[in-house]
Amino acid sequence: MGKIEWAMWANEQALASGLILLAGGIVGVAGQFRGWEFAAYAVAAGVFVCLLEYPRSKRAKGTSVERSGQYCFTVCVKAFGPLTRNYYVRAFLHAAICVPGGFMLATVLGCVCLGIASLIYLAAAIRGEHWEPILPRKDVRKPVAESIKNPPQNPPPRPPPETRRKQAKDLEGAAYDNPSSVTDD
Amino acid sequence: MGNKIVNYGVPSFIIVVWMGINIFLFVWYYLFYDRGDNFFYTRHLLGSALAWARAPAAVLNFNCMLILLPVCRNLLSLIRGSLMCCSRTMRRQMDRNLTFHKLVAYMIALMTAIHMVAHLLNVEWYNNSRQGVYDELSTTLSDLADMENTTYLNPIRTTNLQIPLYFAFTSIAGLTGIIITLALILMITSSMEVIRRSYFEVFWYTHHLFVIFFAGLTWMWVLGPMIIYAAERLLRLIRYVQNVQYRKVKCDNLVNLRCIVMRPSKVLELQLVKKGFKMEVGQYIFLNCPAISQLEWHPFTMTSAPEEDFFSVHIRSAGDWTDKLIEIMQKLPEGAQGPKMGVDGPFGTASEDVFDYEVSMLVGAGIGVTPFASILKSIWYRFKDNDPKLRTRKIYFYWLCRETHAFEWFADLLQLLEKEMEQRGLWDFLTYKLFLTGWDQSHADHVMVHFDEDTDVVTGLKQKTHYGRPSWDKEFEQVRRDNPASVVGMFLCGPAALANVLEKKCGKYSDVDPRRTKFYFNKENF
């Protein structure tokens, strides 16, 4: 399993946790549950986690698949520089965010899921991964070589007319040795 | 419209039946709990949240029962085999097993969400009733305890400072519910396409959390499928301990410098022998090499024909496991046996049906040509034996490839077939077209220089290589023209984008009218 980038799975898990926190929070607030303050917090925390986790990181190896419409999120997340780039920060951030969710049944699932995501991010950070923004590539076209603008003025050299007629009738006599090799060895 | 019926009729029907059962279960159980007299007092405490929790539970039970079945490969092969007498349309449905598995999984996820929200409400309201927050009736009902002539109504028994969270974690139902939902969430996040395609092991190992998930469910519903699945895994274990011998190992480390268009790509061919092993064309096996990893089983399509006395696979360098395998094989001295291999299978896929169609169009993209290697070899053998069971009278073969290098091992096979057909004067049986989709200027130059030669410069075959992608409209037109009033089977092993294109073309060029050509689309799944 050497080539796994744990951050990819952590990202999916964290995004799912954000949604679950959000859903649990909405239920808690709408139902006016006991401890609804925690639910209100979960709504805010869920939204925050979703926004943070929505833009996928560029993979160290291989092609990265963007989530649709993630470009504006990428720009926002990129703006925080090392805070969002470093996965240790993310791991501890998620661990801290998830704690208040653990005080209410409606949000406890989101809390545990986010905790697991935090652990996976920790594993990713220990392995030296970091978050890279996926930005549109600017293709650099190879500059056209100068020689294309100056076609030769004269036709290629041909043997004199007598030799040319001879070539048509006598292939053996017309053959000559090339000074350099013409095959691609 | 008629074309859609031809290609989508049976799967749509199955989906409609399945959704119908789901909707029926949901509505039935919802009404049962919402109207039933025996739940009158519970409904006083919980309102309609009771029904909203029970109805998805029923749908969940049904779907959990179903979800294991599409991945019991031996069971599917068995069903396929027993359906040999039936129409090929029915047998084709077995190919869509993974699609069905995913569909059922989505339904499970949705029902779990509804079930969970409803239970959150339930626990909250039970707790409030117990604490005496609501009217007197609720409090009295909640006070009922397990005694001589009463049983409790409210599962929350104590009145000491209680919060729903505490109840959930101290009751068996609550705790198991949370644990299995957690298992489900982990399974879902690791099954996302990105993770599956890049790090299959994470997906595979995490998916085994389904055992925990099933442990928490109503055992009656899931016991049957669990037993079947356990039997499947047992069968794999039995096959693993069976002896597998090597016949010949050949490693083509292709760094060929004779021609400038060649690029190196490592392909390993393994020829194995196993007692009692019987295969059909285009089937695949799972290989396990304990020297590399004890737990990993990797699928490979077989490239040998059933008529041969061994079975072979061509393995391309595509990740950790394959790289290590190629490395081990390269270090082997001449003539030595390779490392111990476990072989599970064979499992059947769409290619088995290729001889049932009067006309077949085979499209292989890149490494996707492997199942067709098996088919073409089998054709060659059947031809030699003049097999009367061969229903096919025409095959069109299209190979699309970016690099020419992968042609090498396959070109030998095609050369043999060419010679064979020439000897018997049967040019018509197999028409093949090779498309080099990744050509550049140096290719074109090379071809220009060797234009007059009889054989193709890249493959050495009489059939010239085409450059760029095929124009499918032209190809379909030609097949339709050459084969009026025929049933044509289209077999593809390649990327999903190409599958979409070909599926649409099959639909476009098919006609329900039996006097005209009909195209059926079959896709391999890798």
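Predicted model: local features only at pLDDT ≥ 70, side-chain atom pairs only at ≥ 80, totals over all residues.
The loop between α1 and α2 of chain A holds A:Gln32, a residue that has a positive phi of about 50 degrees although it is not a glycine. With a relative accessible area of 67%, A:Gln32 is exposed.

- Chain A contains eight helices and zero strands, and along its sequence the pattern reads α-α-α-α-α-α-α-α.
- Of the 185 residues in chain A, 36% are buried, and among its contacts with a separation of 6 or more, 74% are between residues 24 or more positions apart.
- Chain B contains 19 helices and twelve strands, and 51% of its 526 residues count as buried.
- Among the contacts in chain B between residues at least 6 apart in sequence, 76% join residues at least 24 apart.

**Helix α1 of chain A against helix α2 of chain A**

- Helix α1 (residues 6-30) and helix α2 (residues 36-53), both of chain A, pack with their axes 7 Å apart and at an angle of about 150 degrees.
- Because an angle over 145 degrees counts as roughly antiparallel, α1(A) and α2(A) are roughly antiparallel to each other, and α1(A) passes α2(A) in a left-handed crossing.
- The residues of this contact between α1(A) and α2(A) divide into 16 nonpolar, five polar and one charged.
- On the α1(A) side the contact includes A:Leu15, A:Leu19, A:Leu22, A:Ile26 and A:Val29, while the residues they meet in α2(A) include A:Trp36, A:Val43, A:Val47, A:Cys50 and A:Glu53.

**Helix α1 of chain A against helix α6 of chain A**

- Helix α1(A) also packs with helix α6 (residues 105-126) of chain A, at an angle of about 165 degrees and with the axes 8 Å apart.
- That angle makes α1(A) roughly antiparallel to α6(A), and α1(A) passes α6(A) in a left-handed crossing.
- Among the residues that make the contact are A:Trp6, A:Trp9, A:Gln13, A:Ser17 and A:Ile20 of α1(A), together with α6(A) residues including A:Thr107, A:Leu109, A:Cys113, A:Ile116 and A:Tyr121.
- By class, the residues of the contact of α1(A) with α6(A) divide into 17 nonpolar, seven polar and no charged.

**Helix α1 of chain A against helix α9 of chain B**

- A:Trp9, A:Glu12, A:Gln13, A:Ala16 and A:Ile20 in α1(A) meet B:Ile185, B:Leu186, B:Thr189 and B:Ser190 in α9(B).
- This contact of α1(A) with α9(B) has five nonpolar, three polar and one charged residues.
- A:Trp9, A:Gln13 and A:Ile20 are among the α1(A) residues that touch α9(B), and they are also among the α1(A) residues in the contact with α6(A).

**Helix α7 of chain B**

- In helix α7 (residues 136-143) of chain B, the buried residues are B:Ser138, B:Leu141 and B:Ser142.
- They cover an arc of only 100 degrees around the axis, which puts them on the same side of α7(B).
- An α-helix has 3.6 residues a turn, so residues three or four places apart point the same way.
- The buried residues of α7(B) pack against α2 (40-46) and α6 (97-130) of chain B.

- B:Asn127 lies in helix α6 of chain B and is buried, with a relative accessible area of 0%.
- Leaving aside residues up to four places away in sequence, B:Asn127 touches A:Arg34 of chain A, along with B:Ile156, B:Gln162, B:Ile163 and B:Pro164.
- B:Lys518 is found in strand β12 (residues 518-523) of chain B, and at 14% relative accessibility B:Lys518 counts as buried.
- Although B:Lys518 and B:Val488 are 30 residues apart along the chain, their C-alpha atoms are separated by 5.9 Å.

How values were computed: Residues numbered from 1 in each chain as written. Chains lettered and ligands numbered in written order. Heavy atoms only, no water. Buried < 20%, exposed > 50% of the residue type's maximum accessible area, 1.4 Å probe, protein only. Helix = DSSP H or I, 4+ residues; strand = E, 2+ residues; numbered from the N terminus. Arc of directions from axis to C-beta. Contact = heavy atoms within 4.5 Å. Axes fitted to C-alpha atoms, helices over the stretch in contact; angles between N-to-C directions. Parallel < 35°, antiparallel > 145°, perpendicular 65-115°, else oblique. Left-handed = near helix turned anticlockwise from the far one by under 90°. Nonpolar A, V, L, I, M, F, W, Y, C, P; charged D, E, K, R; others polar.
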